[in-house]
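Please work through the following exercises with the sequence and the model at hand. Each task is followed by a solution in steps.

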Amino acid sequence: MGVKEGGNVGGSSVSRFVSVVVPLLLLAGLAAVPFVGTGPNVIRLLFMTLTLVTASVGWNLIGGFAGQISFGFAVFYGLGAYTTALSINGGIPPFFAFLLGAIVAAVASLLIGLPTFRLKGPYFAIATIGVSEAVRVVMMNVPFTGGASGYRIIDKARFVQSHHYYTALVLAVLAVVISILVRRSKLGLALIAIREDQDAASDLGVNPFVAKLIVHALAAALAAAAGGVYARYSLFIDPDGVFAFRNGIAILLMPIIGGIGTIWGPVIGAFVYGIIHEEVVANFPQAHLLIFGSLLILIILFEPGGVVGLFQKFMRTVRARSSVGSHS
Amino acid sequence: MSAADFLNLFIAAVLLAGVYAAMSVGMTIIYGVMKIVNLAHAGFLMLGAYFVFEAYDRFKIDPLLGVLLAFPVFFFIGMGVHWLLVRRIATSDQPTLTSLLLLFGVWLVLQNLGYLIWGNSDRAILTPRTLSSIEIGPISFPTIRLAVFVVAVASLVGLEFVLHKTWFGRSVRALMQNKEAGQIVGVNVNRTAQIAFGVGIAFAGAAGGLLAMLYSFNPDFGATFQLRAFVIIVLGGLESFGGVAVGSLILALAETFVILILPASYQPAIAFSLLVVALIVLPEGIAGLWAKRRRWA
Amino acid sequence: MFNSCVHRLLQRSKALLHVLAIAVIVLVLVSPAWGQDEIKIGVIMPITGREAKPGQYQREGIELAIKQINDGGGILIKSRGKKLPIKEVFYDDGSDQSRSAGMAERAMSSDGVVAVIGGYSTALGEAESVMPDRYQTPWITPGAGATSTFSRGYEYVFGTLSPIDLLGYTTAQYLGNLVDKGKLSKGLKIALALENTDHGVEYGHGIDNWNKEHPGYFNVVFSEKFELGATDFSGLLQKVKNSHADIFLADAHLQDYITMHRQYIQSGMYHQMVSYGARGPEADARKALGAATDYIFAGIWWSSKLAYPQVKKFNDDYQAFTGHPPDSWYPATAYDAMRVLAVAIEHAGSLDKTAIRDQLRKTELKNSILPGQVVRFGKNGQIQGSFVIVQNKPDDKVDIVFPLDAATGESVAPKPKAH
């Protein structure tokens, strides 16, 4: 489930080259979108998808690399959104507002992780649901942030859609870079060890608790930044929107669809989810739960590696066939 | 608050606890035998609610009777789901994330099925019994709550009977204590698991019907109760039936009385907070505490 | 070896190709249609989710208006020299705020609509209201009445729903009137249960305002907010019981009205007057609770019982169009929102969005079906109309009981005690 998609088997320089070129092509394509005249709706769609990429990649750090499945990431998304909103209204420039949101979420992740990381697998998952929903209910009642009426950002600046779009793009790229760096570092190895067998890992000298806390904070920071970028775009947020349980579900579904524990899985999953969600929901508002639920069931039963896993299987079949006769 | 008011509230809490217990016991069975946290429980609660509603709406079957009918119907549905999906994933001594996610997917699908079949308007079951109340001196409570309580407790008693007096029940208890040892003495694990899953879903469906008599419902119904079920089985200890009763009572009392001091809009937070506190402070639930006390004594 | 390298390259490219293919499909799907010979109006309503029922009714009101206009050939556009039909572009926002905002943005930016009617409920309206000024497209909400939406200095935002605090004020005014007529005693105690939204807050303000202006009439002894969509209100109702109030005023949406009142009855509660804000006569509630809804009164923006001839015609047309009678006030504000928009478009003489907006500021819809018979937007874009108080009567009947000149029946106050 966790083999890095880069085809490093054999260390072929061609595959290394390809695994760099394809993402760069994608990035170039995305960067060019506002100039190609596709219209504000496509930009909006891609903007939303890119914020989802950030949240998805972030979740994958703790859920994929470390194997701690959290159902409650909406809490960080929401904290990021509200912190950013409050900061912008307080006159803080957007970049610092996002950063502040990330910091607040990171601190929150420590407060949440300290008691809950002692719990094993599903108990941790259930606890995260409880935390996320408890925060949502509290936010619905806190008058300072508007409570259930929501909170509005007063943005005196003229709305330039491409500004928001590029912010989301840069953030998504940053998220992927962080993901790659973590994966390649000692921390990444430690996390994988923890995911496979936490007790054995600690016997080998890894401190699981600290490792989980660190990566949880990173993950929370990314999810919060995504929430902040979203808040600045839509100018109106409310607890039932940003802290909604279904947000936490979406953040979790995306890496699973794409390939949990890989670098590109969360990215692919976010695109699949973002685009399908918009189009399916627009045309079949009653069916999107069915689709995502069935997808989840099929993935769990037949291909836990998601889209990436499917590709890897495909590649292995192809490679096996082509190595009969010639050598690879 | 007068003594009569307090007593009224207390009785209301106890009646509620009965329903909560019936609602949670399904998850306990499934967890105990297969170590699976059934996230689709909410979906079956919802289906049970609609089942009883349709039985009443179309065939004029009294809802209480509908609940009794729900048991066998959902038993077979549960066995079906197990055969189709659940038996294909590996289970172990520890609850797995695979099972968690699989059943979560099932829940999403069930929710959508509910929308597709019944649309999303709120339904309610209205019988002459629904709005009447029983008065004994200064104490009064809605008739419906008493009826629901009686059925809930009866079904729990029935379950206890099955667990202690039938062969199946003994297999279940054996597997809950030690899976390998159970296999060694001849328990058919797969068969027992399938039946246990069926029983768990049967209780979910029937409990959904009971809840439908008390509250209005739509396809989203079940999520808040699922969370309460989590709280209860965590409080009570995931594998103990006595624990479920204790957990239900604690939650019902907390919800009924805490609300008097807290603003009403914080009410949902009670269950969530209890859940988090319970998970952190009492990882083995109250039953675990009780067992520990025994050991220390 | 070359073979397998090519294969690997192909597999890698497959990923990129898939993404590009999806992008192309998206582009095709969302490219603006160049319908030159029609007037595209965006309609955003929840037809799934929590607010689905009222959203559906509002949609029906809008579609009835569109049908009637199109049956007459459409709207005359001077710059084209002919009548153009209206084309409705409908979006379901699923009662979800971020989707509501997204749909508004999509409609206004890419789908080429000249105006949007949308936003049932304050929450959805607030989310959508960010978009009209951003894309300079007029937006009319027939379902969001909180003044906060209209007090931000927006220029393209309009609403055919009168302010909620006026609703609270009118409710208190009605009760005061009952005291003056001797049906209720002076100095009665009121318990307020408000939903935790702008709507609930403003309703409470309206009642407070009237009480401040008329001291001595009523005394608010309990006021608390509750969470929308809760399944269990017994704690809140217990507190209401403990307050020993004479009058129970709640402000809730349809779902909570039904749940709360069921538990109200089950607890054996009684108050001399009971209201759930703008909810009362809804068919769903009558079906769910039967005779328990008798004598509940509501302050609503419109009633099918109003004695204007245009209301009678609307009732008949609506029944023929949808197969059911109008439910409470929902379709009416939407119907007139579309009609006033049509008048504004005609006065603008073109499909220029800013010109249409300018006309909306000045236009009056003269044979409105709403109380007062005229729709005219205030300076902040919100209509300042009046309310009617209706009271449920036995056998599914409803009477207008206030204002007195529109009344179709007598108020029953205090409520009879149940047997």
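The model is predicted: local features need pLDDT of at least 70, side-chain atom pairs count only at pLDDT 80 or more, and totals for chains, interfaces and linings use all residues. Residues are numbered from 1 along each chain as its sequence is written, chains are lettered from A in the order in which they are written, and side-chain values use heavy atoms, with hydrogens and water left out.

**Exercise 1.** Describe how domain 2 of chain C meets domain 3 of chain C.

Step 1. By an automatic or database domain assignment, chain C comprises domain 1 (1–30), domain 2 (39–162 + 306–376) and domain 3 (165–297 + 390–406). The C-alpha centres of domain 2 and domain 3 of chain C are 29 Å apart.

Step 2. In contact (heavy atoms within 4.5 Å) are 16 residues of domain 2 of chain C and 15 residues of domain 3 of chain C. Buried area is the accessible area (1.4 Å probe) that two parts lose on being put together, summed over both; for these two domains of chain C it is about 1,200 Å², with 46% on carbon and sulfur atoms.

Step 3. A salt bridge requires a side-chain nitrogen of Lys or Arg within 4 Å of a carboxyl oxygen of Asp or Glu. One is counted between domain 2 and domain 3 of chain C. C:Asp284 and C:Lys53 form a salt bridge through their side chains, at 3.0 Å from N to O.

**Exercise 2.** State which elements make up chain B, and in what order.

Step 1. Helices (H or I, at least four residues) and strands (E, at least two) are DSSP runs, numbered from the N terminus. Chain B contains twelve helices and two strands, in the order α-α-α-α-β-β-α-α-α-α-α-α-α-α from the N terminus.

Step 2. The C-alpha trace of chain B spans about 60 × 55 × 35 Å along its principal axes.

**Exercise 3.** Characterise the interface of chain B and chain C.

Step 1. Each chain contributes to the contact: 28 residues from chain B and 28 residues from chain C. About 2,300 Å² is buried between chain B and chain C, 50% of it from carbon and sulfur atoms.

Step 2. On the chain B side, B:Asn120, B:Leu131 and B:Ser265 lose the most area to chain C, together 21% of what that side buries.
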